[in-house]
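This report covers side-chain contacts, surface patches and backbone geometry in one model. Please read it alongside the sequence and coordinates.

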Amino acid sequence: MNKHNECDSSYKKLIKAPYQLIAVMIVLVILITAISIYRLYHVGFEEQKKRLTELVQSRAVLIDGLIEHEQTGDKKGNAEEVVLKELMFADTKFEGFGKTGEYTLAKLDKDKIHFLLRHRHNEVDRMKSVSMNSDLAEPMRRALNGKSGTLVGLDYRGELVLAAHEPLKSINWGIVAKIDLTEIQAPYIQEGVYGLICGVILIVIGSIIVIYFIHPLARDIERNRKYNRMLFTESPIGLVLTDTNGQTVDANPSFLKLLGYTMDELLNLSYWDITPQKYETLEEEQTIKLLEDGFYGPYEKEYIHKDGHLINVKLSGRMIEKDGEVLIWSSIEDITEQKHNEIALKEASLVFEHTHEGIIITDADIKIVRVNGKFTQLTGYTFEEVVGKNPSFLHSGSHDEDFYKDMWNTINSKGIWYGELNNRRKNGAYFATLQSITAVKNKDGSVNGYVSVFSDISERKNQEMRMAHLATHDSLTSLPNRILFHDNLNQAIHSAKRNNYKIGVLFLDLNRFKEVNDTMGHEAGDCLLQEVAKRLGECVREEDTVARLGGDEFAIILSELKSSEDALEIAKKIIQKVSEPLNIGKNSLIPSTSIGISIYPQHGEDGDTLVKLADKAMYAAKQKKQDRYELFDIMKNYEKETV
């Protein structure tokens, strides 16, 4: 064991000594008190047993004398009555032993013990007989079985008693004198407690006096011990004391942990057992420096760990003299993590600069301290242009203040936010990003800075918009399709219901469209549909909806109409506009259309009904030779007209 451990052990022994002395003295006091009380109790117990035996024997002699005096011929029953009368009278004056002592008589009545005397604890006329097979009245049971003596057992109440018992063979009775065991024990227990308390008080007083004189000395030792521990034992840097040959004399726990050896193992190792041979030249240089200047280092090298792996360390030290011997005092710092961090930093820098995502790093005040090359590529800003700025200059203006407030609330509460942001490039162009913002925190939980990683998802968003447009619009004319038409119609109905106005539904069909396809080709038909879609859009307001339902069928929602006549006027305008001449390639044609009209809420209050009735009115319009539009008439039989 080294000197530090010896000092620590001596200090602990000194500190523990008073308390160990107190513990020993308390154990001795308890032991001596317990033995003394036990001896006294044993003497008292035997004395009580003797007194009870004498009492029960004297009572038995007395009863036998009365029986012999009173019993003549076959007057045995009278003799028993005389005995009970005499003993009953004597029992009223008998105080017993202590508070619970008493004696009693009993006889066997069939298989039960029948008590004959009035008891201190219960009147005889209230006593219940006790079965001979019961655990109660053990002393009386023995007496009735013809046995005499003493025992500790249960009486008729179930209490544990010391009892003397004697049989009365002349009349087949039993007599018992008894006292509760707790009453016998009580005074000895009480005295034992008093004695123990007094002994402990004396010990504590004496111990306090001893500790009072020992503690000042212990405090001085503790101060020196803490000082040494601070410099050596608890130092996070490895400290080692070696001789001039490099042999270890002493080492602190940090150095032992660094190499993985115990102190005993390290004392048996040479310097070159823990140092790779490749450092031989470097070690010679440091040794020369030590001999010339009295100190060496700092310099870096590697140690060999117990399990064989190498540890990067930084060493420095100086020569000291202790007890006439020249020694080398060295400090060794583990820089393995530092080396790993340097490598990791280089790797991270490569990732930082070559990743496909833009990266922004800010300080705790949200001021940019670093960006990568991808950031410049995506935004157009160089590092010199953005350093020290708040990244808010990238805001596109498409998000309101509440959006950014919720975003920062999430970052502050959860440490990270992830979502989509619309940003603006240096040239003013907007672009969509998928972005994460992470709060970088210190060990104490305080924020050290923020890291934002983002990627450009503009093309993906545009593709999504195109897909969404195709799902709700006709690919040929770019008009709303049947799905979007019905959604808009339902919304228009809800709005009209709230605001109490009318809407019109126009169902249109191109006349002789099949002839155009058959004679001029499908490309001509497509051109016709595209031109008709364009002309329909020119005939309605911006808030109205023009949709292609399929083939050559179109539908129009006219919102916020004041009267049905407004729908008729627009129908006339559409017929006139559609019928304007159209050139397709070398061919020229004059399109025409038939229109059916239904009005909300006059003709129906749901979209399906309005479309159905407009469709019927459209077929009626086809029967006309001019005007080719028809407002649905509830009274008109369309089925007959369209047959």
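## Salt bridges

Glu630 is buried, with a relative accessible area of 9%; buried means under 20% relative accessible area, exposed over 50%, and partly exposed in between (1.4 Å probe, protein chains only). The side chain of Glu630 forms a salt bridge with Lys624 at 2.9 Å, N to O, where a salt bridge is a side-chain nitrogen of Lys or Arg within 4 Å of a carboxyl oxygen of Asp or Glu. Lys624 is partly exposed, at 32% relative accessible area. Elsewhere, salt bridges with shared partners link Glu102, Asp155, Arg157, Lys178 and Asp180 into one network. The count for the model comes to 25 salt bridges.

The model is predicted: local features need pLDDT of at least 70, side-chain atom pairs count only at pLDDT 80 or more, and totals for chains, interfaces and linings use all residues. Residues are numbered from 1 along each chain as its sequence is written, and side-chain values use heavy atoms, with hydrogens and water left out.

## Pairs within helices

Arg535 and Glu531 are joined by a salt bridge of 3.0 Å, N to O. Because they are four residues apart in helix α15 (residues 522-539), about one helical turn separates Arg535 and Glu531. Helices (H or I, at least four residues) and strands (E, at least two) are DSSP runs, numbered from the N terminus. Arg535 is buried at 6% relative accessible area, while Glu531 is partly exposed at 22%.

In helix α3 (residues 138-144), Arg142 and Glu138 are likewise four residues apart, so they are separated by about one helical turn. Their side chains meet in a salt bridge at 3.2 Å, N to O. Arg142 is partly exposed at 33% relative accessibility, and Glu138 is partly exposed at 23%.

## Surface patches

Ile189, Val193, Tyr194, Ile197, Ile201, Ile205, Ile209, Tyr212 and Phe213 make a nonpolar surface patch of about 960 Å². Patches consist of residues with over 30% relative accessible area and no salt bridge, with like charges joined within 9 Å and nonpolar side chains (Val, Leu, Ile, Met, Phe, Trp, Tyr) within 5 Å. Areas come from the Shrake-Rupley method with a 1.4 Å probe, and for residues only the protein chains shown count as cover. Ile205 belongs to helix α4 (residues 181-233) and is partly exposed, at 46% relative accessibility.

Asp400, Glu401, Asp402 and Asp406 form a negative surface patch. Asp406 lies in helix α11 (residues 401-414) and has 48% relative accessibility, so it counts as partly exposed.

## Cysteines

The disulfide count is zero, with a disulfide taken as a pair of cysteine sulfur atoms within 2.5 Å. Cys539 is buried at 5% relative accessible area, whereas Cys527 is partly exposed at 37%.

## Backbone exceptions

Most residues other than glycine have a negative phi, and most peptide bonds are trans. The bond from Gly297 to Pro298 is cis, with omega near 0°; Pro298 is in strand β9 (residues 295-304). Tyr600 and Pro601 are also joined by a cis peptide bond, with omega about 0°, and Pro601 is placed in the loop between β22 (593-600) and α17 (607-622).

Ile366, a residue other than glycine, has a positive phi near 60° and lies in the loop between β12 (358-363) and β13 (368-371). Glu560 has a positive phi of about 55°. Glu560 lies in strand β19 (residues 553-561) and is partly exposed, at 48% relative accessible area.

Notes. Lys and Arg count as positive and Asp and Glu as negative; His and the chain ends are not counted. The place of a charge is taken as NZ of Lys, CZ of Arg, CG of Asp or CD of Glu.
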